[in-house]
Each structure stands twice: as C-alpha cells, then as structure tokens.
Amino acid sequence: SADPEKVRMDVQSLFRNGEDWEEVTLSLIALGQNVCKSQLPACDACPLRDACPSSTRGATIDVEDAGNL
C-alpha cells in the first residue's frame, strides 16, 4: 500500500499489546539505521531480505526507485 498509515495499522494489528509494538518499532528503526540504508543497503546482512521486494542481494537500491518500496 502507498498509504503509510494503513501499512502501520496493518502491521500493528499483528501484535497483541503496546509493548510488543514498541519493540518492533525500535527494531525497525535500528534496521533502517544499520542495515537498510537508502544510499547503500546491506541486503546480504538483512534478516528480512527473503521477504523484501526491494532486496537486491547486496547491490545498491536506485534512489529514484526507492519511492516504489
């Protein structure tokens, strides 16, 4: 979905309580800061690469295409 709020609500609905959601949020932030960097993603090190439609198995993601993630 292109609607970030809908995506958040869909993902959040998978977790039973607020504590779990806080942990997921912090983990996703850390993943973005350390692995899935916009300019040079480390796809080979990403634990979500097999499920990620943008995984390029270690190649960089074209910034122009990043809006389609």
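Lys6 and Asp10 sit four residues apart in helix α1, about one turn of the helix from each other. Helices here are DSSP runs (H or I, at least four residues), numbered from the N terminus. The side chains of these two residues meet in a salt bridge, at 2.9 Å from N to O. By salt bridge we mean a side-chain nitrogen of Lys or Arg within 4 Å of a carboxyl oxygen of Asp or Glu. Side chains of opposite charge can pair when their charged atoms come close.

A bit of housekeeping: this is a predicted model, so local features need pLDDT of at least 70 and side-chain atom pairs count only at pLDDT 80 or more, while totals for chains, interfaces and linings use all residues. Residues are numbered from 1 along each chain as its sequence is written, and side-chain values use heavy atoms, with hydrogens and water left out.

How many salt bridges does a search of the whole structure find? It turns up two. Besides the Lys6 and Asp10 pair, Arg8 bridges to Glu5, with the closest N and O atoms 2.4 Å apart. Arg8 and Glu5 are separated by about one helical turn, because they are three residues apart in helix α1.

Are the residues in these bridges buried or exposed? The table gives their relative accessible areas; the cut-offs are under 20% for buried, over 50% for exposed, and partly exposed in between (1.4 Å probe, protein chains only).

| Residue | Relative accessible area | Class |
|---|---|---|
| Glu5 | 39% | partly exposed |
| Lys6 | 40% | partly exposed |
| Arg8 | 31% | partly exposed |
| Asp10 | 40% | partly exposed |

Now for the surface patches. Patches are built from residues with over 30% relative accessible area and no salt bridge, joining like charges within 9 Å and nonpolar side chains (Val, Leu, Ile, Met, Phe, Trp, Tyr) within 5 Å. Areas come from the Shrake-Rupley method with a 1.4 Å probe, and for residues only the protein chains shown count as cover. Val7, Val11, Leu14 and Phe15 make up a nonpolar patch, with about 320 Å² of accessible area together. One of these, Val11, belongs to helix α1 (residues 4–12) and counts as partly exposed at 30% relative accessibility.

There is a negative patch too, made of Glu19, Asp20, Glu22 and Glu23. Asp and Glu count as negative, Lys and Arg as positive, and His and the chain ends are not counted. Glu22 is found in helix α2 (residues 18–34), and its 55% relative accessibility makes Glu22 exposed.

Thr25 is also placed in helix α2, and at 28% relative accessibility Thr25 is partly exposed.

Last stop: Arg49, in the segment after α2. Arg49 is partly exposed, with 28% relative accessibility. A polar atom of the Arg49 side chain lies 2.3 Å from the backbone oxygen of Asp44. Arg49 and Cys36 are 13 residues apart in sequence, with 9.8 Å between their C-alpha atoms.

Notes. Charge placed at Lys NZ, Arg CZ, Asp CG, Glu CD. Helix = DSSP H or I, 4+ residues; strand = E, 2+ residues; numbered from the N terminus. Polar contact = N/O pair within 3.5 Å; in protein donor to acceptor, adjacent residues only side chain to side chain.
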